[in-house]
Amino acid sequence: MSQQPQFSENDQRELAQFLEAENAKARIQQTVHSLTDTCWDKCISKVNNKLDRSEEACLSNCVERFLDTSLFIVKRLEDMRSTGM
């Protein structure tokens with residue numbers, strides 16, 4: 001059997017930071033994908049080469065509400081964590 005390489009404590013810390021950054025990127029991409037799907041399904045009734053005004057307004061509102069909700073949830077979780085819940 002081959003031995004696994006031994007990483008120094010610094011290397012392990014750097015690897016953990018890299019993996020956390022990559023996981024954060026993946027979560028952001030998943031959120032954007034979810035936002036796109038949700039708002040598209042909610043706001044676009046027919047596909048044309050140009051959005052009409054109601055579709056533009058709906059998409060804008062959908063994105064703003066999605067971001068507001070996401071920020072609210074993050075803030076709430078941070079508050080819960082800081083109070084020890």
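My entries follow, from the whole fold down to single residues.

**Ground rules.** I am reading a predicted model, where local features need pLDDT of at least 70, side-chain atom pairs count only at pLDDT 80 or more, and totals for chains, interfaces and linings use all residues. Residues are numbered from 1 along each chain as its sequence is written, and side-chain values use heavy atoms, with hydrogens and water left out.

**Overall fold.** I found 2 helices and 0 strands in the protein, taken as DSSP runs (helices H or I, at least four residues; strands E, at least two) and numbered from the N terminus. The protein is more spread out than a compact globule, because its radius of gyration is 21 Å, well over the 12 Å that the globule rule gives for 85 residues. That radius is taken over C-alpha atoms, and the rule is 2.2 Å times the number of residues to the power 0.38. Along the principal axes, the C-alpha atoms fill a box of roughly 60 × 40 × 20 Å.

**Burial.** I noted that 7% of the 85 residues count as buried. Buried means under 20% relative accessible area, exposed over 50%, and partly exposed in between (1.4 Å probe, protein chains only).

**Phe-18.** I located Phe-18 in helix 1 (residues 9-43). Phe-18 is partly exposed, at 48% relative accessible area.

**Ser-70.** I then moved to helix 2 (residues 53-83), which holds Ser-70. Ser-70 is partly exposed too, at 28%.
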